[in-house]
Amino acid sequence: MNTALSIIIGIIIFCAIIIIHEGGHFFAAKACGVPVSEFAIGMGPVIFKKQGKETLFTIRLFPIGGFCSMGEDEESEDEHSFRRQAVWKRMIVIVAGAFMNIILGFILSFIFFGVSGKGITNTIALFSDDNAPSHVSGLEVGDEFVRINGLKVFTMNDVIYELTNDEDGLVDFVVRRNGELVTLNGVRFETQLDPETGKQTLIYDFKVYSEKITAGNLARYSVNKFIYDGRIVLMSLRDIIRGKYGINDLSGPVGIVSAISSVTAQTGKVDWGYMLEMAMLITINVGIFNLLPLPSLDGGRFVFLVIEAIRRKQLKAETEGMIHFVGISLLMVLMVVVTFNDIRALL
């Protein structure tokens, strides 16, 4: 029952994030006087529809996205149509969806720490024993992590991410010790072979302090967590471009819901803290991904608007529409492949 509930909650979370995104476009369009012909949640065949005063609201069969149709690629004689608006207004409408996702992530970060009541510090509390390799090679109790392998540390998750992706067992740190910054190069960790991936992974031989969330530190923890999630999305995209991760490492809505339900199956209860963290990461991911300068994505449309502002001339609607059609077609193919991989992993 808990697993089924988690699947339902996972679908609701994903749909809510899409509603927030498309709602950003919708309300920005309304504020700028742009008519919206359809506001859709999901893709594929329509399973529910309701005609508003101006907009058709629909729910579609597959909960893997949504759209806010404003006639972006259509010429129209209507002076209120999207393409007849000032370029700065269209820019606002295009980025509003991603902006709302990022704002939601920031809000969820505050809610997460406010509900959990506990924060994990970046300060070492103890080692597994006096002969722990990282202790012997330089780290000490009370050290506060400032940088790891040149990366600024905002949360302990930054340290975990770098240690998880390290392969040689040697890590460079900058720590704050007794109020001063100390550089430690080549801190050593023992490694072990991960039987699932076949890769060497580091053995964590220290623990850090936790502390109670108060009015004084809530904002710091929330902002740092928000920055971490945003940066981890960008770093993951960078690693995909570099070829570190392949298409089989990507997850879509099915994989996300599966991850949520698997955690529930392991713990035997709905982990609301985990749900909040997942929602936070997903909404930030959706916001950043949509700002990528790729055809059919909001970022791609924004690039066309920037070019238009520079040229002071619009690209033909048919030409721009064809470019975005190719982009959305390729994106749909990617979604099908990712969804197939998610389902195969489930089975």
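Helices and strands are here DSSP runs, of at least four and at least two residues respectively, numbered from the N terminus. In these terms, Arg-84 of the predicted model is located in the loop that links strand 2 (56-69) to helix 2 (87-116). With a relative accessibility of 46%, Arg-84 is classed as partly exposed, because that category lies between the buried limit of under 20% and the exposed limit of over 50%.

The surroundings of Arg-84 were examined next. When neighbours within four places in sequence are set aside, the residues in contact with Arg-84 are Ser-76, Glu-77, Asp-78 and Glu-79. Ser-76 also takes part through its backbone: the side chain of Arg-84 reaches the backbone oxygen of Ser-76 at 2.6 Å. Glu-72 is 12 residues away from Arg-84 in sequence, and the C-alpha to C-alpha separation of Glu-72 and Arg-84 is 9.9 Å.

Aromatic residues form a second theme. A pair of aromatic rings is described by the distance of the centres and the angle of the planes. The structure contains 12 aromatic pairs. One of these joins Phe-145 and Phe-173, whose ring centres are 5.1 Å apart and whose planes meet at 35 degrees, so the arrangement is tilted. Since Phe-145 belongs to strand 4 (residues 144-148) and Phe-173 to strand 6 (residues 170-177), the pair ties together parts separated by 28 residues in sequence. Phe-145 and Phe-173 are both buried.

Phe-173 also pairs with Phe-189; here the ring centres lie 6.4 Å apart and the planes are at 55 degrees, so this pair is tilted as well. Phe-189 is found in the loop between strand 7 (180-188) and strand 8 (191-193), whereas Phe-173 is in strand 6, so the pair ties together parts that are 16 residues apart in sequence. The relative accessible area of Phe-173 is 1%, and this residue is therefore buried. Phe-189, at 4% relative accessibility, likewise counts as buried.

Elsewhere, one aromatic cluster is formed by Phe-26, Phe-27, Phe-39 and Phe-57. Aromatic rings also meet charged side chains. The charged end of Lys-152 is placed over the ring of Phe-154, at 5.4 Å from the ring centre. In a further case, the charged end of Arg-220 sits over the ring of Tyr-221, and the distance to the centre of that ring is 4.9 Å.

Key:
Residues numbered from 1 in each chain as written. Predicted model: local features only at pLDDT ≥ 70, side-chain atom pairs only at ≥ 80, totals over all residues. Heavy atoms only, no water. Buried < 20%, exposed > 50% of the residue type's maximum accessible area, 1.4 Å probe, protein only. Contact = heavy atoms within 4.5 Å. Polar contact = N/O pair within 3.5 Å; in protein donor to acceptor, adjacent residues only side chain to side chain. Phe/Tyr/Trp six-rings, centres within 6.5 Å; stacked < 30°, edge-to-face > 60°. Lys NZ or Arg CZ within 6 Å of the ring centre and 35° of its normal.
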